[in-house]
Amino acid sequence: MSTASASTAARPGATTSAPAPAPKRRFGPRTLFARVFWLMVFGIAIAQALAYVAIRQERSMALRALMMSGVERDIATGIAVLDRLPVAERGAWLERLERPNYRFALADEIDPKAGPVERTDFNGPFVDALTQAMQPFRIERAVQLGIKRYQLLVRLNDGSAVTVHAQRVDMPIPEWVMWVLGAQLIVLAVCSWMVVRLVTRPLKTLAAAADDLGPDLSPTLIPEEGPAEVAHAARAFNAMQQRIAGYTAERVEILAAISHDLQTPITRMRLRADLMSDEELRGKFHHDLNAMHVLVREGVTYARTLHGTSEVPARLDADALLASIVGDYEDAGEAVTLSGEAGSPIMAQPQALKRILVNLIDNALAFGGQAEIQVTRTGAQDPQDPTPRLMIAVLDRGPGIPDDQLQAVFKPFHRLETSRNRDTGGTGLGLAIALQLATAMGGGLSLHNRTDGGLEARLTLPASLP
């Protein structure tokens, strides 16, 4: 079990790594599904709005063509009818000649405040067409009221004044057109949802399979079905998992075999050392052989933990386990204290958890002279992971570890102590084994330098029972 892996004297001039920049605040949907879906719906909505504008524009152009092609002849025909009728009968015909877009009045009703007709693309040609269609009648005055209303003063052959009240009547879009556009938007939105789901579901399956690839590296095969691209990606992912598992299993078998086979010659060498007459030399041999034995034992343990632990998870009273460990250290005269409590049972491997805690406490005692154990139960730290967490922190008052080495000490055989003395530097496997066991239990292990001096080893475990 490594002690130098947990803490060592900070080297002079060690640089402190810059703090990680705060994540940028992002607005809008976070998932690919939501982003693609709302982008497609937004695009479809814009297309529908453009279609509606195009329909209104087409109606306006159709109305303009209608007024420019037939209305001037209808007004001219009405003036001709009034001119031929006797004066006494003209009033009875006004209602008959009235249309939605024009009417006649047998008097000069021109609004004195009205201005002349503006010569726009529509107004000018419309008045010119009326003037030409009413020949031989004469338009004495033409004025414009607002944007769509006009007044024309016409003189009949007998000198009577007739006022023509004309107006542009919009062609309203039927209500059912809006309902059809709304129904189209709903149908297209549903189709977009199905398309986006079809595209993103394989990604979700791949992510779930990658998350399930735990320390044991047992491949979780995903169905090789669906569209050609999806099936090809699934086959490639399954093959990748199997290759990784095969390579790792081969490496672990080699490491375990070497470590195991070394125990036999070490045992023979220990027996031969016992037969030596020189006590001083025999003691040195025993010291070296014990160090080799510890290294081989840790190597075998690390090789086994690379594939997780075969121990079956059980309902565990963490408070009782911690109290038992602390009691054992107190009986041995060590300064180990415990504060906080888990409060409720958790699911974990008892022996693996005990090995992690003993390793962390031994490191704290070796380099800090004392160990403080703090137990807290916290909620989810990540919105993507709502699992409650149990945090067990082991604190010491030792020299700490340089910030740029806090992650490196978890590597196998990595020791910060440079004398290569196993008594002070350990084997360099203790924290590597602890990290593998913590990961196998679905937790995590991290090291943090304390602001007031010392090191904090923080173990987090899922606190909810399945």
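Trainee: In strand 5, which residue is the bridge partner of Leu 152?
Mentor: Val 164 is the bridge partner of Leu 152. This is a predicted model, and in it strand 4 (residues 149–155) pairs with strand 5 in the antiparallel sense over seven bridges.

Trainee: What's in the hairpin of strand 4 and strand 5?
Mentor: Five residues lie between the two strands, and Gly 159 takes a positive phi near 90° there.

Trainee: Which other strand pairs with strand 5, and over how many bridges?
Mentor: Strand 1 does, in the antiparallel sense, over four bridges. Tyr 102 has Ala 166 as its bridge partner in strand 5, and Ala 105 stands opposite Thr 163.

Trainee: What's the strand order in the sheet?
Mentor: The order is 1-5-4-3-2, an open sheet of five strands with antiparallel pairing. Strand 1 (102–105) and strand 2 (115–116) are the edge strands, each pairing on one side only.

Trainee: Is strand 5 enclosed or open, and how many of its residues are buried?
Mentor: Six of its seven residues are buried, so strand 5 is largely enclosed by the rest of the structure.

Trainee: Switching to Arg 90. Where is Arg 90 found, and is it buried or exposed?
Mentor: Arg 90 is in helix 2 (residues 87–97). Its relative accessible area is 3%, so Arg 90 counts as buried, the cut-off being under 20%.

Trainee: What does the side chain of Arg 90 join to?
Mentor: A polar contact of 3.4 Å joins it to the side chain of Ser 160. Beyond four places in sequence, Arg 90 also contacts Leu 82, Asp 83, Leu 85, Leu 106, Leu 156 and Asp 158, among others.

Trainee: New topic, the nonpolar cores. How many residues has the largest one, and which have the most contacts inside it?
Mentor: The largest nonpolar core has 43 residues, and Ile 361 and Leu 447 have the most contacts inside it. Helix 8 gives the most to this core, with eight residues.

Trainee: And what is Ile 361 in contact with?
Mentor: Setting aside neighbours within four places in sequence, Ile 361 is in contact with Ile 325, Tyr 329, Val 336, Ala 371, Ile 373 and Val 394. A second, separate core has 24 residues, including Leu 97, Val 117, Ile 139 and Val 162.

Trainee: Which residues of helix 7 are buried?
Mentor: Ala 318, Leu 321, Leu 322, Ile 325, Val 326, Gly 327 and Tyr 329 are buried in helix 7. An α-helix has 3.6 residues a turn, so residues three or four places apart point the same way.

Trainee: What do those buried residues pack against?
Mentor: They pack against strand 6 (314–316), strand 7 (336–340), strand 8, helix 8, strand 9 and strand 10.

Trainee: What span should helix 7 have?
Mentor: With 14 residues at 1.5 Å a residue, helix 7 should span 20 Å, and its end C-alpha atoms are 20 Å apart, which agrees.

Trainee: What caps the N-terminal end of helix 7, and what comes just after the helix?
Mentor: Asp 317 is the cap, with a side-chain oxygen 3.2 Å from the backbone nitrogen of Asp 319. Just after helix 7, Gly 333 takes a positive phi of about 85°.

Trainee: Last one, the protein chain as a whole. How many helices and strands, and what share of residues is buried?
Mentor: The protein chain has 10 helices and 12 strands, and 35% of its 466 residues count as buried.

How values were computed:
Residues numbered from 1 in each chain as written. Predicted model: local features only at pLDDT ≥ 70, side-chain atom pairs only at ≥ 80, totals over all residues. Heavy atoms only, no water. Pairing = 2+ DSSP bridges. Core = buried A, V, L, I, M, F, W, Y, C linked by side-chain atoms within 4.5 Å. Buried < 20%, exposed > 50% of the residue type's maximum accessible area, 1.4 Å probe, protein only. Contact = heavy atoms within 4.5 Å. Polar contact = N/O pair within 3.5 Å; in protein donor to acceptor, adjacent residues only side chain to side chain. Expected span 1.5 Å × (residues − 1).
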